[in-house]
Amino acid sequence: MKKKFVLAAVVIICAAAALFAFCGGNSGYREAKLFDYAPNNEITGSYDKALSAKCENGVFVGKKTGDVIEFRGIPYAQQPVGSLRWKAPQEPLPSDKVFEACHDGKSCLQVPDPYERASLYEQGEDCLSLNVFVNSKDKNSKKPVMVFIHGGGYEQGGHSDPLYDGFNFVRENPDVILVVTTYRFGLMGIVDFSQVPGGENYMDACNLPLLDQIATLKWVKKNIAAFGGDPDCVTIFGESAGGGSVSNIVVSPLSKGLFKRAIPMSGACTYGQKRADSQVLTKTLMKRFGAKNMDDLIKISYEDLSKFWVDEGGMQTYNFPIIDERMLPSDTLGAWNGAAIKDIEIMQGITKDEWRYFIEVFADDIDFFNLVNDVTYKMLAENASPEYLETSAKLMDLLTKTYGKEWALTEFGNGQFFRAGQMYQAIAHAKQGGKEFFYRVDKEIEGPKQETLKACHAVELPFVFGNFDNEQAKNTKENRAYAKQLQRMWINFAKTGNPSLSAQDNPDGKAVEWQPFTDDTRKVMILAQGNLHMEDNPEAERTELEQKLLDTNPHYRHIRGLAPVLARIAQIPGKADAFKKIMEKNVENAQKAKAASK
């Protein structure tokens with residue numbers, strides 16, 4: 001879900017800085033910035049074998065800074081170009097050739113946006129690659145492996161985003177290997193061609209993010225030992241759409257045996273739609289290019305597809321993952337009740353004020369943000385059952401008493417998009433006897449927007465990766481200590497299945513016991529800076545009401561994103577112009593960010 005809306009007619013050319021530099025202070029943390037794009041070329045001469053890894057699809061040679069070896073842009077599948085466009089990822093071809101692994105692979109096609117910095121990087125269809133980060137200081141030949149899946153609302157993002165750079169993470173934690181992958185989404189990854197002549201040969205196109213992510217895990221299973229990783233000790237984690245992806249992978253029948261543990265961060269199985277809801281994009285695409293069948297669509301150049309998506313507003317018709325029973329259960333959320341996932345160890349959670357992040361999506365216009373929330377609330381009530389209407393009214397009363405009238409609708413959105421689904425998964429998994437841990441991030445952003453955004457969506461990412469932005473997450477002694485706590489919790493879970501901190505792990509010098517989440521106690525680790533502590537079933541009454549809403553309204557249970565809400569707002573007299581002004585302001589902000597990056 002992590003995403004920003006900008007005018008699709010605006011293209012921002014990447015002019016970001018190309019080199020990394022070290023942050024100030026004596027921490028040794030490295031400030032992450034966008035690289036310039038460059039291809040990874042074949043090496044025909046000599047190379048440093050100490051920086052190489054022999055994989056099934058080639059020998060890849062990384063670069064070393066200090067003790068950290070970075071392998072960037074390794075293809076995990078054949079690139080989906082030509083006849084492979086909109087097809088399931090194909091295994092990479094075997095090779096004994098030697099290749100550079102020094103440069104990030106391309107980002108998937110998306111609207112450039114300064115808030116999603118991978119969108120400012122080179123884009124292309126040939127975007128299936130991953131990065132591997134290894135600390136050579138730890139000589140263990142079977143390190144636990146953590147595979148990260150980025151967010152971006154299934155229409156933006158990529159592993160080149162400096163936020164996901166793994167250098168600081170493995171520099172501070174040499175006992176783990178980090179893999180960061182990217183995948184197809186939007187126009188190149190989620191289109192339903194089932195009603196198009198010839199579309200029977202492209203049935204996988206409706207859910208390529210999942211298939212690409214599973215292809216990543218298959219590549220890791222076969223090749224990670226070459227980097228010193230243990231293929232039988234793999235943890236997948238992701239945030240926002242990446243968290244939703246992790247939640248989907250957990251219940252997908254295609255992922256069995258590819259990982260041991262999972263950390264869905266602010267992303268449940270609720271992000272998905274039915275085929276009937278996904279046809280706007282397909283019809284718009286066919287009409288724009290006068291296509292009659294799949295042969296016509298495959299002939300369209302990537303440049304023309306990019307123009308349609310970015311310049312002509314095609315992105316506004318984007319889909320969330322389409323539920324296809326070949327790849328996912330028809331009720332993805334309900335599948336968390338199944339005994340099939342009982343043995344997967346899960347650590348998952350939310351931030352306290354998730355939905356406030358999206359105030360920035362609408363250029364900090366609180367009035368329009370509240371309009372979005374109000375329309376969402378009213379749309380959910382249309383043709384709803386009496387039980388849903390009664391429960392939602394009770395929940396709104398509770399949220400008004402707890403948070404005040406100004407923030408009640410925001411908290412309702414917080415529950416629908418994040419809190420309810422994440423809690424459902426934890427309860428269901430625990431009821432089956434699964435090993436479950438749950439958290440809530442209470443750390444607030446820093447800077448002038450703190451009072452408004454508070455502990456909003458994605459606030460934990462700079463700390464999990466150790467990549468501070470010196471604006472909303474500054475590189476201070478206190479923040480480095482908090483980052484160390486989160487990193488060790490995540491890594492301890494990946495290594496042992498227990499995220500508790502030992503006294504040696506904790507900069508405070510105190511052990512922190514993280515008690516499991518069960519249906520009886522529903523214990524939650526509150527990740528508050530300077531005050532890590534457990535709470536029993538926080539906001540219990542709210543949880544019960546939100547769980548009832550999941551069971552009584554399919555539209556509350558299956559989220560289709562903001563596109564249908566914005567389409568409804570555009571029909572309200574005068575509001576289409578208001579939305580246009582919001583987007584123009586976002587463009588202005590983007591231009592300022594572009595100028596500042598030079």
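Guide: The account below begins with helix 9 and then turns to several single residues. This is a predicted model, in which local features need pLDDT of at least 70 and side-chain atom pairs count only at pLDDT 80 or more, whereas totals for chains, interfaces and linings use all residues. Residues are numbered from 1 along each chain as its sequence is written, and side-chain values use heavy atoms, with hydrogens and water left out.

Helices (H or I, at least four residues) and strands (E, at least two) are DSSP runs numbered from the N terminus. Helix 9 has 16 residues and spans 23 Å from its first C-alpha to its last, close to the expected 22 Å; the expected span is 1.5 Å times one less than the number of residues. At its start, a side-chain oxygen of Asp 365 comes to within 3.1 Å of the backbone nitrogen of Asp 367. Just after helix 9, Asn 383 has a positive phi of about 60°.

The axes of helix 9 (residues 366-381) and helix 17 (residues 563-570) come within 10 Å and cross at roughly 105°. Axes here are lines fitted to C-alpha atoms, for helices over the stretch in contact, and angles run from 0 to 180 degrees between N-to-C directions. Helix 9 and helix 17 are therefore roughly perpendicular, a term for angles of 65 to 115 degrees; angles under 35 count as roughly parallel, over 145 as roughly antiparallel, and the rest as oblique. Helix 9 contributes Phe 368, Leu 371, Val 372, Val 375, Thr 376 and Met 379 to the contact, and helix 17 contributes Pro 564, Val 565, Leu 566, Arg 568 and Ile 569. Contact means heavy atoms within 4.5 Å. These residues divide into nine nonpolar, one polar and one charged; Ala, Val, Leu, Ile, Met, Phe, Trp, Tyr, Cys and Pro count as nonpolar, Asp, Glu, Lys and Arg as charged, and the others, Gly among them, as polar.

The buried residues of helix 9 include Phe 369, Asn 373 and Leu 380. Buried means under 20% relative accessible area, exposed over 50%, and partly exposed in between (1.4 Å probe, protein chains only).

Three residues elsewhere are also buried. Arg 419 lies in helix 11 (residues 405-431) and has a relative accessible area of 6%, so it is buried. Its side chain forms a polar contact of 3.1 Å with that of Thr 543. A polar contact is a pair of N or O atoms within 3.5 Å; within protein, one must be able to donate a hydrogen and the other to accept it, and residues adjacent in sequence count only if both atoms are side-chain atoms. Leu 549 lies in helix 15 and is buried at 0%. Leaving aside neighbours within four places in sequence, Leu 549 touches Tyr 388, Thr 391, Ser 392, Leu 395, Phe 412 and Tyr 556. His 159, in the loop between strand 10 (143-149) and helix 1 (167-172), is buried at 2%, and a polar contact of 2.9 Å joins its side chain to that of Ser 129.

Most residues other than glycine have a negative phi. Asn 537 has a positive phi of about 45° and lies in the loop between strand 17 (531-536) and helix 15 (540-552). At 22% relative accessibility, Asn 537 counts as partly exposed.
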